[in-house]
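The following exercises are meant for a reader who meets this structure for the first time. Please keep the sequence and the model in view while working through each solution.

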Amino acid sequence: MKRLNNLYYSKRIKELLAELQTAGTTLVVAPMGYGKTLAVQYFLQEQERCGKKVLCQSIYGAGAEAFWQGVCHSWQNTELGAALLQQSLPADANAKTLVLELFRQLLPQEPVYWFIDDLHLLESSEAIDFLFALSKAGFADLHLLLVSRGQIFDGSRLLELGRKVFCLDKHDLALQRDELAEYSSRCGLQLTTQQLDALHEACEGWFSVTYLNFLNYDRYQRFCLDTGSVYEMIANVLLRPLPSEQQRLLLLMGQPEEFTPEQVAYAYGTSCRESVGRLLECNAFIIRLANGRLRCHHMLKQATRHAFGLLPEAEQQMYFRRLGQWYAQQKEYEEALDWLYRGRDFDGLLAAVQQLRDWSMHPQHRQHLFDWLCECPPEILWQYPQAVLIIMRRMFSLNMVPEMLQVKEWYVTALERNTALSQRERDNYYGELEVILSFLAFNSITGMSEHHRRAYKLLSGAPQTLSKQGIWTFGAPSVLGLYLRTGCSLRQTVEDMQECMPPYYLLSGWHGAGAAELTEAEALLLQGRIDEMDMPLQKAYYQAEKHGQECITICCDFLEMQRDLFRGVYSSKAEAYSRHQWQLQPWKQSMLLNTADMCAGFYYALLGKPEYIPSWLTDGNGQQPSVLYPARPCRNYISAQCLLAQGQYTELLVRWSDWEQECRPYSNFLCLLYLQVQRVAAFAGRGDVTSCRASLKQALAMAEADKLVLPLAQNIALLRPYLEQEAQGECSAAAAAALHLGQQMEAGRGQIMSARFAEAGLQELTEQELQIAQLAAARHTNREIAQRLSLSEGTIKQYLNKIFAKLQIDAAAKNKRHQLERFFSNS
């Protein structure tokens, strides 16, 4: 009796698969048709029989988003899965750390086997980086099984993983000569020694080609040893011999990535349950998945899709349309969209879109988003204003602004021509449109507010286009860094924020709560009015914490850190941020970890502790953690301040033009001012007096009108002599105010350094340096110290420079010996 579809696993293969139980990560890498997936599935079935937890994920596209959706789907119905849904694929070190922490905290307390198939289809370096980080972390109860046709990790990463990874390749999976003989016998084939030798030599242990030859031999008593293509073999052996109905059914099975028998029967259009069952029984290239669905092997899928493409176009569209309708009936609306579009069922397409208020959007939909509306007959489009609204919302997030404005006209037409809408429904649709259009007015507070006010009057409930959980600041630590558009506008910006935010709070359910008070506090800080900022800052804290707006709380912390430098108070929040020991729970947005890094980096740059600055802020390798585009100017001036603290003046000047250009699209005046001041400081650090003076005049002119002296004061160590000269010039008031404020910051910084870092700094001194430091602190001159220690004055000066550097005493400060005296008194 022939048993050609029975799966065969030799004793050798079973012993190899047993190794997977002890491996943290297993890489199965072999060309198509070597039985990679079947071997892993056989192993996992054995684990499930033993009560182990098994998760399966298949890769069907190249994109990172689809991969991450698959990750979340794999872990659904677990606490970890719920947390992962709040994240996106980690694209930087902070996000990666956060997601790994989620795995550490929330992994089930039992062995879990996570199988990810067909990784060769994935073209996302971020996804591979994530899998490597997960493998390197080596969680005891997590077994990662990764299958691909090509290399997954490069050689250096494999070396780094060492014994944490177990590898299987095509040589491990290929049928050996004795295994081929046993396999043929189990299938019920009686082959001669010569036939086995010829088959093994021709197939070289290639499992799929061996199976196709068995089928062909059973039918025609001969092998296909000289075929030019495995796909031609599949067509000749599996497709063409079938009756017409079964051919169509097999072609339909090859269209979706996964399918069910009911789905195929629905798409075919008539009752064909028995025919579907026979196909599944006699074709080992159709694989049953852990989720109960079926999948065609890639070789079969490619052959059937080629044959399907030869059908008349109208027939193809009919099947596509039925597949889309089946997904829609199952409420799998995202899956339905592409099939309905290919089937030209625009009515069904827009009806499906209307069900997708929280549409995450598959990558292929991005390519067709505008095409759907362009190709849709107007009489259908006018019946679905809500679908058009949802597509507009997605276009904004994809920065498709010109297309979005064109769709706006279609949207208005759709509303006007849809006579079935009540006035309340029509007003709600217009209100949603106003919310979307408000984003086009960023960063004009009044411009956005006009849209918000109109939306509030029109809407009868909360808008669907806003989420209180979104990051109001886009990841920036400074509100005025986002919204101060021009010089001479600080007071007006504060007033506009105070006037425009309350209506927005009502519209959005307190999204961005505390921003108005925070803007006032930041304005006072920028003007050096340190003692006046406490009240609005505390109000901002209160509103942000009351309404769960973590992004505003971080901005408050950023202001507090800068304020406390002037008061000589060390910021424990900066220390917590730099170690990521802060109040946000790990399942919140990873972007806020990058905001925390920016806060800590800027603080330690001002404090003169560059060793505490997160490396990504200055590395300049193009792999900086992601912040949303509007926040990039803030990130850039913070990076520039960090480069100044590290003495990388040339590097700052090299990057300056690119940073300056990124401030232009949204007119980020405060960020431009910071960059201009930092450019001056870099020229000063390089000793370029001419460039420094010319650039300083520009910076002072920018700061003069609104008295924005804080950026100048924060760079007093490099700018002091130039500010002293400008204090007699055209911008004397700004220069004098910056000098005064800078002296306050130096004094506060000195108190922090002496109180917080004195003991550690003193421990770094050699015995000779300690002796010289004590004499200098006792107010002995360099000559007196030199005579006492029998050294030259030049040597004493060199020693003192080293001492000041180790103790973090500003080399440009005038009261260095006074600070040195405080070090010894405090320690």
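**Exercise 1. Describe the salt bridge of E611 and the exposure of its two partners.**

Step 1. E611 and K609 form a salt bridge, and their closest N and O atoms are 3.0 Å apart. The term denotes a side-chain nitrogen of Lys or Arg within 4 Å of a carboxyl oxygen of Asp or Glu.

Step 2. E611 has 46% relative accessibility and therefore counts as partly exposed. K609, with a relative accessible area of 7%, is buried. Buried means under 20% relative accessible area, exposed means over 50%, and partly exposed lies in between (1.4 Å probe, protein chains only).

Step 3. Salt bridges that share partners also join D531, D534, R563, D564 and R567 into one network. By the stated rule, the count of salt bridges comes to 32.

Before continuing, note the basis of these values: the model is predicted, local features need pLDDT of at least 70, side-chain atom pairs count only at pLDDT 80 or more, and totals for chains, interfaces and linings use all residues. Residues are numbered from 1 along each chain as its sequence is written, and side-chain values use heavy atoms, with hydrogens and water left out.

**Exercise 2. Describe the surroundings of Q255.**

Step 1. Q255 is placed in the loop between α13 (244-253) and α14 (261-268). Its relative accessibility is 6%, so Q255 counts as buried.

Step 2. A polar atom of the Q255 side chain lies 2.8 Å from the backbone oxygen of L251.

Step 3. Leaving aside residues up to four places away in sequence, Q255 touches T304, R305, F308, F320, L323 and W339. Contact here means heavy atoms within 4.5 Å.

**Exercise 3. Which helices cover the buried residues of α12?**

Step 1. Seven of the 10 residues of helix α12 (residues 230-239) are buried, so this helix is largely enclosed by the rest of the structure.

Step 2. The buried residues of α12 are V230, M233, I234, A235, V237, L238 and L239.

Step 3. Their cover includes α11 (207-220), α13 and α16 (298-308).

**Exercise 4. In what order do the strands of the five-stranded open sheet run?**

Step 1. The order is β2-β3-β4-β1-β5, with parallel pairing. Two strands pair if DSSP finds at least two bridges between them.

Step 2. β2 (53-58) and β5 (165-168) are the edge strands, each pairing on one side only. From one strand to the next, the twist averages 15°.

Step 3. Strand β1 (residues 25-29) pairs with strand β4 (residues 142-148) in the parallel sense over five bridges.

Step 4. Axes are lines fitted to C-alpha atoms, for helices over the stretch in contact, and angles run from 0 to 180 degrees between N-to-C directions.

**Exercise 5. How many disulfides are counted?**

Step 1. The count is zero, a disulfide being a pair of cysteine sulfur atoms within 2.5 Å.

Step 2. For C50, the nearest cysteine sulfur is that of C56, 16 Å away. C50 is exposed, at 58% relative accessibility.

Step 3. For C634, the nearest cysteine sulfur is that of C671, 3.9 Å away. C634 is buried, with a relative accessible area of 0%.

Conventions
Helix = DSSP H or I, 4+ residues; strand = E, 2+ residues; numbered from the N terminus. Polar contact = N/O pair within 3.5 Å; in protein donor to acceptor, adjacent residues only side chain to side chain.
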